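Dear colleague,

Please find below the structure that I am handing over to you. I would be grateful if you could look through it before reading my remarks.

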Amino acid sequence: MSGRPTDDGTARDEGGAPARPPDGGEPLGAGIAVLIALASAAAALSAGHLIAGLLDPGSSPFLAVGDTAIDLTPAPVKDFAIAVFGTADKIALLVGMALVIGLLAVAAGLLSRRGPGIGTAAVALFGLLGAAAVLARPDLGPLSLVAPSASLAAGVLSFRLLHSAASSAAEADVRAVPGEPSAGPDRRTVLLSTGAVVLGAGAAGLGGQALAGGVDPEAQRAAIGDLVPDTPAPPLPAGADFAKVGTPTFLTRNEDFYRIDTALRVPRLRVEDWSLRIHGMVDRELTLTFDDLRNRPLVEKTITLVCVSNEVGGDLISTANFIGVPLRDVLAEAGVRSGAEQLFSTSSDGWTAGTPIDVLLEADRNALLAIGMNGEPLPAEHGFPVRMVVPGLYGFVSATKWIVDAEVTTFGRPAYWEQRGWAREAPIKTQSRIDRPRPFDEVRAGRMTAAGIAWAQHTGIDRVEVRLDGGAWRQAQLSTEVNDQTWRMWRIELDVPSGGRRLECRATDRDGITQPEERVAPVPDGATGRHSVLFTATD
Ligand SMILES: Nc1nc2c(c(=O)[nH]1)N[C@H]1C(S)=C(S)[C@@H](COP(=O)(O)O)O[C@H]1N2
Ligand SMILES: [Mo]
């Protein structure tokens, strides 16, 4: 055995002089090397997060790298993430990023046992990556580079200091003469300093998170109070849903409304600072404040929103009473010039959507600049203070949340998802879903009630049919129609013999078009195919 340090950083020698590594210093133990690398990574991330919280929350390098990852994610992967993690896709991304950064830190730490060079280079590289990600954000000002710079400085500084302390300690350990106090830091000091860096990082991270809060959306919403429309939606008719036998309730509660967007950090906008500029191919440019909208006659419309990423049988669909101003009236005031093809809308965080102008100008479309949802101001996650809602079009081409700009233009300019391979025009496809029985349910053989939903926005559902084990199609009973821009519930009594069973459904709209059997994936303009459910009936 030579006098090389063991893995816990201590050096023991059974006599003779310790073998010195060729480059002079004692290599660090693997444990301490990994520890200081992880602590430095934490210091880097949290310092940037803290400074970003002070200056501009969007400039946090960690979040900016996440944002960039989202923007660069190919459509099928995004689709997969939504399918697997649903609305938790963002948390999954952040946890995944933390794991990757942690693993890279471990590797850099292990490669830095003989000298801080590689670790320093790794931290610097990450700092630059964070800065590049921040620079790539469309919505950040010049101050935004301060946060990634703070990350870089904190990361390099803590790594160099901890590494040098740990090296001296390793050295001192090897040279230690029993009974004589050694000069310089010992192992204990190194561990304590590392612990202090980790604690500091934790505090800075939490501080950044607290500061990033800034505007409190709940206080803003409370200040606005309940929204009372001048033209309320007609009250829901009796029998609008079959929730008692397993369908969703007709209106989705705000907290249950599905959420899809690219925002890692929900934009927190101040109502007093908000305005919407409508410009481009118009006769009169308009700039509307929140009060301008609120003081107009408010209408309320019951609308079902669907995400294009909704898989057959999926749950990215919800219904609410949206309150707002008819977008058609606003566009008429601005005066849309001939030749205009799309309304190119932009959110406060730089996301964009392109909506066909002719659809927005249809008299019976009821497209809204919405400020409220189910009687309340919009929740922060659903676009506070103002969003677009266009019945019959998938959200990615129409439902811009946190909207701040709307340009009337031609189709020349592709919006966010169109740039990533999704369709330019995307009317919602007729679909139906089985809610009862659920997949792999065990039910009692004999009489049972199956139920579900169907939707064909802007056309209306004509009928829903179901069949058991590929048998004859039977027409289901439909719920009372609310309007042709909302989902419709169905139910049917079935006699189910015992055994493994397969139930299928299909909807037909009022144009007489039955949803196709062919399965296509959500990319580029929405999934098709029939939903079916396997279940078991027992005696
Ligand atoms: N600013 C912004 N608005 C957005 C999105 C987004 O990523 N950013 N996603 C769109 C998509 S894909 C859908 S399906 C709807 C979802 O609206 P919801 O989250 O209120 O259900 O918002 C749309 N509006
Ligand atoms: Mo979507």
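The paragraphs below set out what was found, from the whole chain to single residues.

Please note that this is a predicted model. The protein chain contains 11 helices and 19 strands, and its C-alpha trace spans about 95 × 70 × 40 Å along the principal axes. Of its 539 residues, 50% count as buried. The chain exposes about 23700 Å², and carbon and sulfur atoms supply 58% of that area. Among contacts with a separation of 6 or more, 75% are made by residues 24 or more positions apart.

Nine of the 12 residues are buried, so α2 is largely enclosed by the rest of the structure. A residue counts as buried when its relative accessible area is under 20%. The buried residues of α2 are Pro61, Phe62, Leu63, Ala64, Gly66, Asp67, Thr68, Ile70 and Asp71. Their cover includes the helices α1 (30–55), α4 (89–111), α5 (117–136) and α6 (146–175).

The next topic is ligand 1. There are 19 residues around ligand 1, of which Tyr258, Thr262, His382, Arg387 and Lys401 come nearest. By class, this shell has nine nonpolar, five polar and five charged residues. An oxygen atom of ligand 1 lies 2.7 Å from an N or O atom in the side chain of His382. For Arg387, the distance from a side-chain N or O atom to an oxygen atom of ligand 1 is likewise 2.7 Å. A nitrogen atom of ligand 1 is 3.0 Å from a polar backbone atom of Ala399. On its own, ligand 1 has 530 Å² of accessible area, and the protein covers 99% of it.

Leaving aside residues up to four places away in sequence, Asn254 touches Met373, Asn374, Glu376, Pro379 and His382. A polar contact of 3.3 Å joins the side chains of Asn254 and Glu376. Asn254 is located in the loop between α8 (217–224) and β1 (275–280). Its relative accessibility is 8%, so Asn254 counts as buried.

Some backbone features also deserve a mention. The peptide bond from Arg436 to Pro437 is cis, with omega near -5°; Pro437 lies in the loop between β11 (431–436) and β12 (442–444). Another cis peptide bond joins Val523 and Pro524, with omega about 0°. Pro524 is found in the loop between β18 (499–509) and β19 (532–538).

Asn366 has a phi of about 65° and lies in the loop between α11 (357–361) and β7 (368–373). With a relative accessible area of 25%, Asn366 is partly exposed. For Asp469, phi is near 50°. Asp469 is placed in the loop between β14 (461–468) and β15 (474–475), and at 38% relative accessibility Asp469 counts as partly exposed.

Yours sincerely

Key:
Residues numbered from 1 in each chain as written. Chains lettered and ligands numbered in written order. Predicted model: local features only at pLDDT ≥ 70, side-chain atom pairs only at ≥ 80, totals over all residues. Heavy atoms only, no water. Buried < 20%, exposed > 50% of the residue type's maximum accessible area, 1.4 Å probe, protein only. Helix = DSSP H or I, 4+ residues; strand = E, 2+ residues; numbered from the N terminus. Contact = heavy atoms within 4.5 Å. Near = heavy atom within 4 Å. Polar contact = N/O pair within 3.5 Å; in protein donor to acceptor, adjacent residues only side chain to side chain. Areas by Shrake-Rupley, 256 points an atom, 1.4 Å probe, with all protein chains shown as cover. Nonpolar A, V, L, I, M, F, W, Y, C, P; charged D, E, K, R; others polar.
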